[in-house]
Each structure stands twice: as C-alpha cells, then as structure tokens.
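Hi,

Here is the structure I promised to pass on. My notes on what turned up in it follow below.

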Amino acid sequence: MGGSKENMASKSSSSVESPAELPADVGGLNIGYAAELLERHRTEPSTDRAPGSGEHTSVSVNGKAPASGSRQPVSIGAVDGLVGGTSIDAVTFDRIRTFAEAVRDFGYRAADLDPLGFRQRSEPLLSPGAHGVTDQALTIPARALPALVSQSQPLPSDATAADVIEQLRSIYCGTTGYEFAHVRSGEERHWLHRQVESSPGIFLTDEQKVYLLQLLTRAESFEKFLHRAYPGQRWYSLEGLESLIVLLDQIVLYSSHTDIDNVVLGMAHRGRLNVLAHIFDKPYEDIISGFAEGHFTQLATLEAAGWLTDVKYHQGARLDRDVDGDGTADVRLLMLPNPSHLEMVDPVVVGAVRAMQDAAGSVSESMGVVVHGDAAFAGQGVVAETLNLAQLPGYQTGGSIHIIANNQLGFTTEPQDSYSTEHASDIARGFDVPVVHVNADDIDACVAAAKLAIAYRQRFHKDFLIDLVGYRRFGHNENDEPGFTQPVMYKTISSHAPVRKKWSETAVRDGAIVQEDADAMPVAHTAALQAIKKKVDSELADKPDAPPDLALSRRRFHGLEHPDSAVPADQLKKINKHINAPPQGFTPHPTASRLLKRRLGALSDSGANGGTIDWGHAEALALGSILNDGHDVRLTGQDVRRGTFSHRHAALYDFETGEPWVALDGFSRSNFWINNSPLSEVATIGFEQGYSVMSSGSLVIWEAQFGDFVNNAQGVVDELVVSARDKWDQASGLVLLLPHGYEGQGPNHSHAHIERFLALAAKNNIRIAYPTTAAQYFHLLRSQAAMLQDEPLPLVVLTGKSLLRHPIAAAKCSQLTAGGFRPVIRYQKPGTKLEDVKKVVFCTGKVFVDLVTHEDFEAAHGVSVIRFEELYPYPRQHADRELKKLPNATEFTWLQEEPQNRGAWSFMRPRLIRSLPDNAKLRYVGRPATPSPAEGSNWLHKMQQEHLVKVTLGTEEAVSEFV
C-alpha cells in the first residue's frame with residue numbers, strides 16, 4: 001500500500017475526532033454514520049482507490065473497434081516527494097485526499113439521474129467544508145497531487161486542486177452514478193475506479209451513432225404503432241425506457257467479443273414485446289398476429305395444447321445472433337417465459353445458466369441477464385434470495401448482470417411508499433454487488449454501463465447491477481390513467497422529449513447524420529409496420545375463429561404405466577460396494593462407520609435374503625444405479641448432505657480432519673452434485689426448475705427440511721412447476737422431496753400440503769406419490785429417471801419420517817432386483833381369503849403403517865387395505881383391478897390422518913366412488929376440517945391417531961360425525 005510511515009502517522013493524527021467537523025446539515029441519525037465514513041477515508045491508504053496503470057478490457061461495439069479506442073488514457077507523471085516544489089502540510093494533503101475519495105464514493109448521491117428532474121439530490125459530504133478543505137487549499141497545484149488525479153484526460157499545467165475535484169465531479173456526479181464504496185474487495189474497488197476514470201465516456205463513431213439511432217427509432221415507432229393500431233389492448237409499453245433496448249443490445253454485443261456463448265434473459269412483462277422484436281428479432285408478423293384476438297395462425301398447435309398457452313407478453317424466445325455479420329452465430333440468446341409474478345423468473349434464469357455451465361464444464365461461456373422492475377426489485381423477497389445464491393457453491397454461475405428498468409413508479413405507488421432505502425437498488429449492496437445508476441436519457445452512459453458490466457463480470461465472475469433510471473410515459477397498462485394518482489409527474493412527462501429525439505439531435509449535431517435522414521427514419525419504419533399489419537389482417541381473415549369445442553372438452557387420463565425398474569443383483573452389489581467403502585485413510589464417525597458396515601452387509605452374499613435396506617440406503621442405491629446408467633444427478637435442499645433426520649449421509653466427514661467424502665462421486669459416465677441450500681424455498685425451487693428445464697437428461701431433486709416449508713414457494717409451484725408445460729411447453733422432471741406424516745410434531749412439521757398439489761393436478765402435468773417402503777421409493781426414483789428423455793414430468797414425493805427406519809418399510813435385496821414401482825398395493829393379514837373380505841380400507845402413506853401395526857388389526861377379520869402409492873395420475877385401472885379381487889366387500893372406508901379439508905380425501909372421493917359397486921357408500925375417517933394442519937400437543941396427537949385406527953377397524957365408536 002502506498003505512502004510512508006510518516007504519512008500514515010500524519011493521516012491518523014489528522015482524522016476527524018468528533019462530529020463537530022461535519023457540516024451543519026449532517027446531523028440526527030446520520031451523524032455517526034457520516035463520521036464513520038470520514039474516519040475510514042482518512043485511515044485507508046490512498047493507493048487502495050487511486051487510479052493507476054493496469055489492464056483495461058477492450059471490447060467493441062457492433063463488431064467495430066472499441067468505442068473508447070479513439071482516446072487513450074493519459075496519466076500525469078509522478079513528482080518528487082509529496083509536494084513537487086510546492087509546500088503542502090500533511091494535514092492539508094490528507095483533507096484534500098479525503099475530499100477526492102468522497103467524490104469517488106458518494107458522487108452518485110448528487111448525480112443527475114432523473115430524466116424528469118424531480119429527484120435531484122445533493123450530498124453534504126461532497127462539499128469542501130465537510131472535510132475541512134479551505135478555499136486556499138483548493139489553489140494548490142494539481143501536480144502536487146498525482147495520486148488523486150483522474151486519468152481520463154490530461155489537466156493543464158496550471159491546474160489546481162479545485163480542477164482535480166471538478167474533474168472527478170464530472171465523472172462521478174454526471175448522468176452516471178457509480179456506487180462502489182460498499183464493495184468489500186479493495187482490488188475490485190480499485191479496478192472499478194480505474195476503469196471509470198480511464199475511460200469515463202464512450203466515444204462512438206458516426207456509424208455507431210446512426211446504428212443506435214436506428215435501434216431507438218424501431219423501439220419508439222413500434223410502441224407508437226401499437227397504440228394507434230390496437231387501442232384498448234394491453235402490452236405494457238416500454239416508452240420512457242426505450243434506452244433499455246440499447247443497453248441490452250450493447251450487453252449482447254460486448255458479450256460476443258468475450259468467451260460468452262450463451263446469454264439467458266429473464267424479465268417481467270413491461271417492454272417484453274419490444275425486446276422480443278428488437279433484441280430477439282422476432283418477426284413483426286408474429287407479434288402483430290398475437291393482437292388479433294379470436295384468430296389463430298397455428299390452430300392445430302393451440303388445440304393440442306388445450307388452447308391455454310399464455311399471453312403474448314409472457315412468452316419466451318431463442319435466437320442465434322450474428323453480431324459481426326459473417327454469417328455465423330456469435331452468441332445464442334434465450335429469453336425464458338415467465339408469468340406476471342415479476343421477479344419469480346430471477347432464480348429460474350440462474351438455474352438455467354448453471355445447467356448450461358455444468359453441461360459445458362465452463363463458467364464463462366453462459367451468462368444470465370435479469371431485467372427487474374424498480375418496485376419489484378425492492379419489494380419482492382425472491383430478489384434477495386436470488387442474490388444470496390450468487391456465491392454459494394451449488395448455485396454459482398460466474399455472475400449475472402442485473403438491470404433495474406426503473407420507472408420511478410410502481411403501479412401507482414411512488415418510491416417513498418415502495419422502499420425504505422434511498423435507491424430501489426440498495427438491497428444489492430448487502431450482497432457485495434457493484435451498482436451503476438444511469439440516466440436513461442443518456443445513450444452514451446448506457447453504452448458505457450454495458451461495457452463496464454461485461455468487463456467486471458468476466459474478470460471477477462460476480463453479479464453486477466445497472467439501475468437504468470427513466471420513467472413510464474403512459475399508465476401501468478395501456479388502459480390505465482396515471483394522471484389520477486401522479487398528475488404533476490405526468491404533466492412533466494407529457495412535455496418531456498423522448499430519448500429518441502434527444503439522441504437524434506446529438507447525432508445531427510455531431511455530423512453523424514443529416515436532419516432529413518433522421519426525420520425520415522420513423523416515417524419509413526411506421527409505414528413498414530402498417531404494411532405488415534395489412535398483410536397479417538388479410539391472412540387471418542380466412543382462419544377459423546376458435547377451436548370447435550373451445551378447448552373445454554374433458555380429457556380423460558389414467559395412471560401412468562410403470563416400467564420395470566429393477567437392477568441386476570451383481571450390478572447392485574457393485575454399486576453398493578462403491579458407495580459404502582470409504583477411501584484408504586478416511587476415518588468415518590464411529591456411528592457412520594457402523595452404518596457403512598451394515599449397508600455393506602445388507603447386500604452381501606450371506607445377507608442377500610436376510611439383510612434389510614432402509615430408506616436412505618435404498619435412495620443411495622437408486623441414485624447410484626441412475627448415475628451408473630449415465631444420468632447426471634443434482635440433489636439440493638435444506639440439509640440434504642446429511643438429511644434432516646440423519647438418514648442419508650450422502651457426504652461423510654473424516655472424524656479426524658473434517659474432510660468430506662461424497663460416496664456417490666466417481667461414476668465415470670455421469671456427475672453427482674449434492675449441496676445444502678440456503679434456508680429458502682422460492683429461489684431454490686425456482687433455480688432447480690430452471691436447471692431441470694435446461695438439463696433434460698439430469699435427475700434434479702430438491703428436498704425440503706419439512707414438507708410444510710414448500711408452502712412458502714406456492715407461487716413458484718403454481719406458476720413454474722405445474723403449469724409451465726401447458727403455458728410454455730417447458731418440460732421439467734424436477735423432483736420435490738417433501739417429508740410428510742403426522743408424528744405429533746405440531747402444525748409446521750407435519751404436512752406437505754398434499755391437497756394443494758392434487759388441486760393443481762390436471763392433464764398429466766405432474767406425478768404425486770406417497771411411497772411407504774424403501775423398495776417403492778427405489779423404483780419410484782428409477783422410473784422418474786427413465787422418463788427424463790421421453791416424457792419428463794415433475795414429481796412430488798411425500799417422503800416419510802418415522803418410515804425412514806421402520807421395519808415394515810425396509811426392503812430386501814430381492815425387491816430391488818425385480819419388478820418396479822407399484823402405484824396401488826393391496827394388503828391383508830396372511831391367510832385371509834379374498835372372498836372373505838367384507839371391509840376395504842383405502843388410504844395413502846404413513847397411516848397405513850399405523851393401521852396394520854395396531855394390535856386391533858391383528859384381531860380384525862375380513863379386512864383388506866388398499867393403499868395408493870401414487871395419487872396422480874390417478875391409477876384407476878390398478879385400483880379397479882384390486883377391487884375386482886374382493887367381490888364380497890360391502891363396507892368401504894377412506895382413512896387419513898390429515899384434517900378433512902386437507903390430505904387426499906377431496907381428490908380421491910369422487911374417483912373412488914366411480915370404482916365402487918352400485919349403491920355402495922364411502923365413509924370418511926379422519927380428523928375434522930381445521931384451519932391449522934395439525935394439533936400442537938404430542939399427547940393429543942397420539943390419542944387422536946389411536947381413535948382414528950380404532951374407528952376404522954370398528955373397535956371404538958366415533959366421537960364426532962367426521963370419524
């Protein structure tokens with residue numbers, strides 16, 4: 001670090017010792033914070049921030065030479081000592097240095113960021129008096145302050161300290177605000193400041209200026225055309241932030257000159273049609289066709305999809321982008337479809353990127369770009385959850401570029417009612433993300449921000465945020481009147497020149513284009529759009545108006561056919577040895593050592609018939625066999641490495657050194673990734689959904705600590721997991737493992753909300769299973785892997801807790817080496833004749849074990865239990881087959897431990913009734929409907945559970961009408 005010991009001592013002695021040195025307008029709650037900042041500036045070595053020589057990223061715009069290449073940074077040479085012939089005391093020098101650092105760190109607070117001029121801010125720390133700098137001190141020659149001088153341009157020989165400060169102000173207080181002071185790494189802060197000061201502006205050629213004018217013309221004319229052509233329809237216009245198109249365009253262009261091959265984009269609905277048209281080159285014909293309500297250009301496809309799909313501003317797109325015009329793709333673009341739930345797409349983007357990176361074996365080649373709304377970025381918790389994933393081992397993607405499309409307004413809510421922070425972006429500060437605020441009316445600043453973002457991401461492999469501050473020219477949608485709630489703002493907007501007009505004036509002034517040609521651009525583009533609309537209208541005139549049945553016809557689906565998923569015994573034994581034999585020199589925990597020995601013995605020759613395989617062991621064997629078959633496996637979630645109930649132990653830790661050993665590593669044909677997730681549901685499930693969609697051959701599994709926790713991610717389940725196939729034709733084989741079962745642990749550790757998943761089940765969109773044995777779980781996982789290539793479906797597994805080590809749930813080796821998953825299983829006491837069965841009990845899951853292990857069941861006669869291991873798709877054929885084997889049954893009961901308004905009862909009742917004999921009644925036995933999933937008393941739970949079983953078996957009278 002720079003500076004002599006004497007200088008460092010001087011800096012310490014000259015530090016601010018009390019808040020009295022702060023300006024009068026810094027006070028109250030801010031005074032301690034401001035004093036702390038000043039103290040840090042005075043004690044930090046100056047060279048940590050001082051710009052100097054070093055690497056500069058060189059990338060080009062539109063395939064041309066670097067935009068900043070026409071002007072090379074010029075540095076001021078070092079002078080002898082501190083003073084260079086001028087007498088300066090150390091205290092004065094230190095105060096000027098602190099003042100300069102304050103401009104670098106806090107200049108963004110006084111930057112000209114609001115195109116409308118409403119939110120112009122001042123910053124007391126940017127005044128000389130805040131640092132004890134006098135007018136006389138500002139006359140000191142600049143040559144005596146070499147470490148403080150920006151390298152953006154040379155200063156005249158007679159420049160003073162005031163000129164140095166003014167030069168820094170021009171960089172840090174202009175139409176771009178650089179917020180880097182919170183970045184923890186001194187290396188990163190130094191690099192960022194050096195980049196900004198070495199090339200504070202973008203110097204575009206005339207050709208580049210005209211290119212950007214054409215881009216803005218297309219963006220603006222497109223929106224204006226839609227307003228005239230389709231009044232009354234909505235598409236969430238981009239007007240007021242057309243510069244977002246420039247920003248995205250430049251990010252793509254700069255990316256193409258690095259090793260980035262894939263850019264995955266996620267964004268909300270505002271501006272999506274504009275982005276589809278001008279970043280993804282979606283033909284105007286396709287977009288305009290989407291406005292022709294009641295007409296469909298691809299009728300057969302829509303009918304096949306059930307005429308659901310999604311609205312035009314939720315759709316995604318793909319494009320192989322040829323940037324340099326040589327006829328080959330330079331970068332592949334993918335926009336993910338997503339609902340209006342604004343930020344929900346954020347984790348899906350990074351999950352998709354991670355899948356692409358894992359497939360390629362490279363972090364750099366794929367990158368995520370996420371466009372946020374300002375109100376949503378500050379307001380929705382999934383943003384923080386997604387930012388938190390960025391540096392976690394199982395979720396890193398080498399950095400995403402985040403853009404806030406900042407309208408300075410929510411639907412009708414202004415910033416002071418939307419977020420408690422100064423900027424919408426402030427939450428990113430806590431995650432060490434550099435922030436650049438850009439006035440959306442400054443196209444040069446947009447280009448510079450794109451360049452800096454790509455350079456930082458590629459160098460440090462971390463997230464970067466651009467806060468693009470603009471406005472919304474019209475209401476929240478095209479039918480909204482914003483003047484009701486923001487009359488003053490919208491009076492200003494109505495007279496504010498659009499960014500295209502401003503850039504046109506700049507291009508004409510700079511001689512890049514003549515006025516006549518600039519004026520002709522929107523006229524020509526509008527005429528082209530009108531011609532396209534006329535053509536589309538003519539073509540649609542002969543199309544049918546709607547599917548004949550309005551897509552309301554009921555489709556009947558039956559349970560899936562389950563293939564043989566057995567594993568040959570010799571192969572299973574090899575896998576078992578591989579996953580239960582630690583490497584030489586590894587010392588397991590004593591308990592884990594016993595676990596490994598027991599698992600090894602369960603499949604040995606002597607134990608093939610007598611050994612038992614518990615739940616965790618069966619899972620390990622299933623995953624090992626899936627890996628051995630060539631499928632990658634990704635298992636993440638809350639404490640999955642050990643397992644919430646200490647049942648998995650997929651990662652063991654050396655008892656002496658703490659070094660991990662992951663038993664399922666080392667299969668030559670595939671990869672196994674297992675990572676504990678943060679305590680998050682929304683972002684982590686969204687991430688795995690994106691990963692699963694983008695990596696169709698991988699078995700992707702997320703496990704909740706308790707099944708109840710998935711309730712926090714209900715929106716993700718609704719919008720992205722169960723309906724994505726119908727809306728966007730996204731195929732996912734994501735597996736959700738949700739521990740479920742009433743064990744007396746209270747309302748938040750019992751229930752995985754089966755009824756909600758069943759309510760969302762339709763058209764074979766999902767699988768829902770509640771296996772009761774280790775063998776069933778083994779075959780369920782293997783059948784899911786077998787479906788990945790041909791017909792992947794999300795799978796919800798209600799996993800046990802007490803079943804994990806229960807003897808009745810244990811498997812024998814022979815059950816894994818033959819057969820497959822059984823969706824329906826019939827059980828009765830040994831020796832019971834089928835024709836003697838009078839009572840049939842239907843159930844699913846753990847309550848089956850409570851029933852058949854009860855002492856009253858042993859004494860009961862003529863009882864058969866039919867348990868549903870698969871709930872959806874409803875396995876009617878399997879159920880009917882088992883019922884036909886019981887011709888004399890007259891009493892039918894559905895037993896569940898969940899309350900009547902929860903569990904599977906509401907879903908199963910109408911389906912079971914259709915399978916029962918004529919006039920047969922189906923009785924419900926279970927807890928009464930309650931607003932809470934379970935009781936909070938373990939004693940009461942046991943009493944209730946006992947009562948349910950006795951009522952089912954007829955050995956006790958029901959205490960209420962529900963049981």
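**What I found**

Leaving out residues up to four places away in sequence, Thr217 touches Arg500, Met521, Pro522 and His525, where a contact means heavy atoms within 4.5 Å. Thr217 sits in helix α6; helices (H or I, at least four residues) and strands (E, at least two) are DSSP runs, numbered from the N terminus. With a relative accessible area of 3%, Thr217 is buried. Buried here is under 20% relative accessible area, exposed is over 50%, and partly exposed is in between (1.4 Å probe, protein chains only).

Before you go further: this is a predicted model, with local features needing pLDDT of at least 70, side-chain atom pairs counted only at pLDDT 80 or more, and totals for chains, interfaces and linings using all residues. Residues are numbered from 1 along each chain as its sequence is written, and side-chain values use heavy atoms, with hydrogens and water left out.

**Confidence and overall numbers**

The mean pLDDT (the predictor's confidence in each residue, from 0 to 100) is 86 for the protein chain, and 85% of its residues reach 70 or more. Over residues 1-38 the pLDDT is below 50, and this stretch has 49 contacts in the model beyond near neighbours in sequence. Residues 44-85 also have pLDDT below 50, with 107 contacts counted in that way.

The protein chain has 32 helices and 22 strands. Of its 963 residues, 58% are buried. Among contacts with a separation of 6 or more, 80% are between residues 24 or more positions apart. The accessible surface comes to about 37800 Å², and 50% of that belongs to carbon and sulfur atoms; the areas come from the Shrake-Rupley method with a 1.4 Å probe, and for residues only the protein chains shown count as cover.

**Aromatics**

Rings of Phe, Tyr and Trp (its six-membered ring) pair if their centres lie within 6.5 Å; planes under 30 degrees apart are stacked, over 60 edge-to-face, and the rest tilted. That rule gives 21 aromatic pairs. Phe222 and Tyr284 are a stacked pair, because their ring centres are 5.7 Å apart and their planes are at 25°. This pair links distant parts of the chain, 62 residues apart: Phe222 is in helix α6 (residues 206-229) and Tyr284 in helix α9 (residues 284-289). Phe222 and Tyr284 are both buried.

Trp235 and Phe291 have ring centres 5.8 Å apart and planes at 70°, so this pair is edge-to-face. It also links distant parts of the chain, with Trp235 in the loop between α6 and α7 (243-256), Phe291 in the loop between α9 and α10 (299-304), and 56 residues separating them. Trp235 and Phe291 are both buried. Elsewhere, Trp191, Tyr456, Phe460 and Phe464 form one aromatic cluster.

Two arginines sit over rings: Arg867 over the face of Phe848, at 4.1 Å from the ring centre, and Arg911 over the face of Phe907, at 3.7 Å. The test is NZ of Lys or CZ of Arg within 6 Å of the ring centre and within 35 degrees of the ring normal.

In α31 (residues 905-915), the buried residues are Trp905, Phe907, Met908, Leu912 and Ser915. Viewed down the helix axis they fall within an arc of 145°, so they line one face of α31; the arc is that of the directions from the helix axis to the C-beta atoms. On the other side of α31, Ser906 and Arg914 are exposed.

Helix α13 (residues 381-389) buries Val382, Val383, Ala384, Thr386, Leu387 and Leu389. Their cover includes α11 (345-360), α12 (374-379), β6 (401-406) and α22 (682-694).

Ile427 is in the loop between α14 (415-418) and β7 (435-439) and is partly exposed, with a relative accessible area of 31%. From Ile427 to Phe377 is 50 residues in sequence and 8.4 Å in space, C-alpha to C-alpha.

**Backbone details**

Tyr872 and Pro873 are joined by a cis peptide bond, with omega about -5°. His753 has a positive phi, near 60°, in a residue other than glycine, and is buried at 5% relative accessible area. Lys763 has a positive phi as well, near 55°, but is partly exposed at 30%.

Cheers
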